[in-house]
Amino acid sequence: MPSIESGGARIDYTVHGNGGRSSSTVILLAGFKAPATSWRYQIASLIRSGHRVVAVDLPGHGTAPAMSHGTTMQTRADHVHALLDELDLQDAAMIGGSMGGNTIWSYVDTYGTGRLRAAVVVDQTPTMLNTPDWEYGFYGYGPDEVDTYFADGIPSTGHGTPIWKRGMRLVRFVAAMGRVDWKLSQPELALLNDHAKRDWRPTIRSSDLPVLFVAGSESEFWPSAHAEAAAALAPKGASTVIPRAGHATNMERPDPFNTAVAEFLSAAS
């Protein structure tokens with residue numbers, strides 16, 4: 001597996017398909033703790049659509065070593081930038097799930113959109129805090145809980161389809177995720193809290209990047225209306241809600257997800 005070094009950390013990645021043109025490259029950024037294999041149901045579909053695919057394990061994900069103390073959303077943006085430099089990519093599309101989605105905005109906030117042609121954000125609200133002007137944050141997370149809500153991990157919300165009712169959705173999720181250690185280290189908890197406190201709405205408003213916001217209709221973490229609300233912020237925003245899907249939308253319901261992404265990327269080319 002190829003890898004690069006960024007800020008003393010190792011980033012692993014795999015390349016799939018030939019794609020020919022740099023403009024056909026799609027970068028896949030997994031969600032918090034998720035491995036690059038979480039995109040297993042997307043890679044073949046993207047290749048059939050003519051793309052070269054780069055699936056990334058940032059530190060603390062998949063085969064990459066554990067993340068170090070001091071890892072923040074800015075650190076993740078720097079890692080993504082280092083990978084784009086290493087692969088000399090221009091006009092790439094990025095698809096990010098959960099925290100991977102907001103990693104795209106962290107990258108754009110620092111490095112701009114010059115190397116990108118489109119983005120897809122999968123079931124991730126641009127700000128997790130619920131406020132009077134944003135009611136699409138993490139269930140139960142408000143200003144009074146800003147320093148404590150994620151102190152020990154990701155709280156259960158009581159929303160979404162119970163695990164025992166997910167059937168094949170759960171089977172697909174387990175097959176894609178493999179064996180993940182869900183116990184959080186101190187660096188991981190610190191990153192989670194940094195992620196939770198960020199507000200990427202100003203970045204979205206000022207970005208010229210075509211972006212598709214995807215929501216799972218039965219997300220465990222936030223109302224699916226976040227996708228439409230986020231798209232309304234973006235000058236070139238679109239949204240879709242995948243029915244009968246939870247937070248792991250691309251794993252639980254890959255067929256409708258892949259169709260939506262293929263249509264969006266084709267229109268954005």
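On a 1 Å grid over the protein atoms alone, a cavity is a set of points where a 1.4 Å probe fits but cannot get out, and its volume is the space filled by probe spheres set on those points, which are joined across faces, edges and corners. The model examined here is predicted, so that local features need pLDDT of at least 70 and side-chain atom pairs count only at pLDDT 80 or more, while totals for chains, interfaces and linings use all residues. Residues are numbered from 1 along each chain as its sequence is written, and side-chain values use heavy atoms, with hydrogens and water left out.

A search of the whole structure finds 1 cavity of 30 Å³ or more, and the largest cavity has a volume of about 60 Å³. Its lining (residues with an atom within 4 Å of a point) consists of Gln 42, Ser 45, Leu 46, Ser 49, Phe 257, Asn 258, Val 261 and Ala 262. Two or more of these residues come from each of α1 (40-48) and α9 (254-268), helices being DSSP runs of H or I with at least four residues, numbered from the N terminus; α9 gives the most, with 4 residues.

The two helices also pack against each other, at an angle of about 40° and with their axes 10 Å apart, where axes are lines fitted to C-alpha atoms over the stretch in contact and angles run from 0 to 180 degrees between N-to-C directions.

Notes
On a 1 Å grid over the protein atoms alone, a cavity is a set of points where a 1.4 Å probe fits but cannot get out, and a pocket is an open set with protein on both sides within 12 Å along at least five of seven lines; lining residues have an atom within 4 Å of a point.
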